[in-house]
Amino acid sequence: MKSTLLASLMGLLSVNAVAAVSPTWNYAQLGYIQTDIDGLSELDPNGLMVFGSYELSEHFFIAGSFASLSDDYQSVEIDLEQGNAGLGYKYSMTQSTDWFVALSYEYASAEVDTPFFDNKEDGHGVGIMTGVRSMVLDQLELKGALRHVHIEGEGQSSLGLGVDYLVSPFAAIGVNYDVGSDAKTFGFNLRYNF
């Protein structure tokens, strides 16, 4: 039974992998994310993230994001902000799959408030990301990317995975999971394609 189900699923995916639908690069996205930071088991900062992408030509696009997260535990409050803006290059590997690479300017800020002290640090840096986006079905996009960010002399690497379901040609809902050197992030998002 399991082998029959697996064979059917593989057949379905391989038939639809040749579909003419390709990932869109013109969209705006709003998401809710929660981060689990190593060493801070009592704090799980969560909040909103906005993301946008715009196709400049057949091979080039611009993209940017901003996230604001916070949490508190026993009079300790943490606020995190992270933003980036960058330029990317994309290449169509097949009609339904694009490979991409992007360079970005990065900004991050962390603030901790306690009854005894307040501390805020922020920094600027650069990032590089490469990945694949693929429309495995007409309404289902899978994506994966490796990312490295270097801010104020410190580097962080992460692997991001996601899936988006297109409820219409203009709207999608999705989930994302990022695992990095010091944190794991899970999120839900709503996307508008234009």
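Biologist: Where is the place of Tyr192?

Modeller: This is a predicted model: local features need pLDDT of at least 70, side-chain atom pairs count only at pLDDT 80 or more, and totals for chains, interfaces and linings use all residues. Residues are numbered from 1 along each chain as its sequence is written, and side-chain values use heavy atoms, with hydrogens and water left out. Helices (H or I, at least four residues) and strands (E, at least two) are DSSP runs, numbered from the N terminus. In those terms the place of Tyr192 is in strand E10.

Biologist: What is the relative accessible area of Tyr192?

Modeller: Accessible areas come from the Shrake-Rupley method with a 1.4 Å probe, and for residues only the protein chains shown count as cover. Buried means under 20% relative accessible area, exposed over 50%, and partly exposed in between. Tyr192 counts as partly exposed because its relative accessible area is 46%.

Biologist: How many strands does the secondary structure of the protein contain?

Modeller: From the N terminus on, the elements run α-β-β-β-β-β-β-β-β-β-β. That comes to 1 helix, and the number of strands is 10.

Biologist: Which strand pairs with strand E10 over 11 bridges?

Modeller: Two strands pair if DSSP finds at least two bridges between them. Gln34 stands opposite Phe186 in E10. The pairing over 11 bridges is antiparallel, between E10 (residues 183–193) and, at residues 27–37, strand E1.

Biologist: Which residue stands opposite Ile173 in E10?

Modeller: Strand E9 (residues 171–180) and E10 pair in the antiparallel sense over 9 bridges. Tyr192 and Ile173 are 19 residues apart in sequence and 9.1 Å apart in space, C-alpha to C-alpha. The residue that stands opposite Ile173 in E10 is Leu190.

Biologist: Which residues form the negative surface patch?

Modeller: A patch takes residues with over 30% relative accessible area and no salt bridge, joining like charges within 9 Å and nonpolar side chains (Val, Leu, Ile, Met, Phe, Trp, Tyr) within 5 Å. Lys and Arg count as positive and Asp and Glu as negative, with His and the chain ends not counted; the place of a charge is NZ of Lys, CZ of Arg, CG of Asp or CD of Glu. E9 and E10 form a hairpin with 2 residues between them, and Asp182 has its place in the loop between these strands, partly exposed because its relative accessibility is 39%. The patch is formed by Asp182 together with Glu121, Asp122, Glu152 and Glu154.

Biologist: How far apart are the closest N and O atoms of Lys184 and Asp38?

Modeller: A salt bridge is a side-chain nitrogen of Lys or Arg within 4 Å of a carboxyl oxygen of Asp or Glu. Lys184 is partly exposed because its relative accessibility is 32%, and Asp38 is partly exposed at 41%. The two residues form a salt bridge, with the closest N and O atoms apart by 3.9 Å.

Biologist: Which residue forms a salt bridge with Arg147?

Modeller: Arg147 is partly exposed, with a relative accessible area of 23%. Glu106 counts as buried because its relative accessibility is 1%. The closest N and O atoms of the pair are 2.8 Å apart, and the partner of Arg147 is Glu106.

Biologist: How many residues apart are Arg147 and Glu106?

Modeller: Arg147 lies in strand E7 (residues 140–151) and Glu106 in strand E5 (residues 97–113). The pair links distant parts of the chain, and the separation is 41 residues.

Biologist: Which residue is the bridge partner of Ser53 in E3?

Modeller: E2 and strand E3 (residues 60–73) pair in the antiparallel sense over 10 bridges. A hairpin joins E2 to E3 through 4 residues. In E3, the bridge partner of Ser53 is Ala63.

Biologist: Which residue in the turn between E3 and E4 has a positive phi?

Modeller: E3 and E4 pair in the antiparallel sense over 14 bridges. In E4, the bridge partner of Phe60 is Tyr89. The two strands form a hairpin with 2 residues between them, and the residue with a positive phi, about 45°, is Gln74.

How values were computed:
Buried means under 20% relative accessible area, exposed over 50%, partly exposed in between (1.4 Å probe, protein chains only).
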